[in-house]
Amino acid sequence: MAAWFPKVVRLIKKQNVYPVTYIIQNYNYSSQPRIIKNPTTASLKRGTGGRSSFNGIVCTVFGCNGFIGSNLCIRLGKIGTQLILPHRCDPYYVKELKVGGDLGQVYFQPFDLKDEKSIIKTIKYSNVVINLIGSKYETSNYSFEDVHVEGARRLAKLAKQCNVERFIQMSCLNVNKTPKPLLLKKGSRILKTKWEGELAVKEEFPEATIIRPSVVYGQGDSFINHYMHKERTVLNLHLPLWKKGEETEKWPVYISDVVSGIVAIVRNPDTAGKTYQFIGPKGHKLKELVTMMLHMKNEAYEFPFEIIDLTSGWKGLYSMLKVNLREPFYSIHPTLDLLYESLEFHHTSDNIDPSLPTLEDLGITPIEFEKLLEWNLSPHMDNVKLKKFQEVIPFNTQSILK
């Protein structure tokens, strides 16, 4: 009988069945131990780390099928996070995220942002909730206020009721109670409602972490793809910008850096209650950024280009006519987001608050926009012209992998 006792102990340790009394785990990312509010064996780490382990985090990601959400889910699954992914779309649009985590670690749950019962089903077992939901246009069912303010308030309130430990709200960099008007008389409603959404989340969940990113770029983004779209130009020769892009400054940040920052926030309890700015290493005039993209693309295409004023001349009027014709039909047939709200958002200069922490405070060094531009522009070239482009400016795969 005594000979069996050591074997039983080893078997228990191998199966990761520990007493419930071990409710405190030390995190290398925090100066204080993390106290588990619901002390069960399901709350404890299991495994040696990595995809096939469980790191003790059960995370619900709202907006999982978006540009940031799809990249974030893969990264979280890679470090052993159990993912609950609410979706409002057809399940086939999110099925690729299933392979982001190990077998049994990724769960899908349909939900509606106005239905509290469906939301509770997705967060009642989680200790981290991330809200990435945002909209760049309104529909008959959801206005900006419904999505950015009331939706965020509802998620934060229900997360608090379900005893969720961490709530992370994705906002944007230039949020303001009274945004500066450029093309719209009252300024951007996206920026205004995002500001109100931050206040609503703080009211319901005071320990929430707010993230304010600048424009996020990468393959499949809404920044490079916006300006490289054929319909964004006039006769494929002219690209209109407000004030020719000379009065707009942007600090673009790479998608990989944004995802790394969110993961660092999830794993570090000391980030609770703080507001972070996710920006690139340096600022550029919008005209400079667009010129870099067009110049690199036109090295292969060999046709001249010109940046013009969005609101002057017949070319500017032609662009504004396209915006007016696209506005009423975009929600029915979304292609290029050539909308007044999007143009207002794109041409608002980034306002950096030096008192707020950034990616560097999380131990992440953001990469410069130019270094990955050739890689991110490659989907906009066909094979013949891409081959010619590679002869002019070869791809530096080593810098991309780093």
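A residue counts as buried under 20% relative accessible area, as exposed over 50%, and as partly exposed in between. Glu 204 has 23% relative accessibility, so Glu 204 is partly exposed. These values come from a predicted model.

Glu 204 sits in helix H5. This helix covers residues 189-204, 16 residues in all. From first C-alpha to last it reaches 22 Å, close to the 22 Å expected at 1.5 Å a residue.

Now the charged pairs. Side chains of opposite charge can pair when their charged atoms come close. The whole structure holds 14 salt bridges. One of them joins Glu 204 to Arg 153, with the closest N and O atoms 3.4 Å apart. This pair links H5 to H4 across 51 residues. Arg 153 is partly exposed, at 23% relative accessible area.

Asp 146 meets Lys 114 at 4.0 Å, N to O. Lys 114 lies in the loop between strand S5 and helix H3, 32 residues from Asp 146 in H4.

A further bridge pairs Glu 246 with Lys 287 at 3.1 Å. Glu 246 is in the loop between strands S10 and S11 and Lys 287 is in helix H8, so the bridge ties together parts 41 residues apart in sequence. Finally, Glu 138, Glu 145 and Arg 189 form a network of salt bridges.

Notes
Residues are numbered from 1 along each chain as its sequence is written. This is a predicted model: local features need pLDDT of at least 70, side-chain atom pairs count only at pLDDT 80 or more; totals for chains, interfaces and linings use all residues. Side-chain values use heavy atoms; hydrogens and water are left out. Helices (H or I, at least four residues) and strands (E, at least two) are DSSP runs, numbered from the N terminus. The expected span of a helix is 1.5 Å times one less than its number of residues. A salt bridge is a side-chain nitrogen of Lys or Arg within 4 Å of a carboxyl oxygen of Asp or Glu. Buried means under 20% relative accessible area, exposed over 50%, partly exposed in between (1.4 Å probe, protein chains only).
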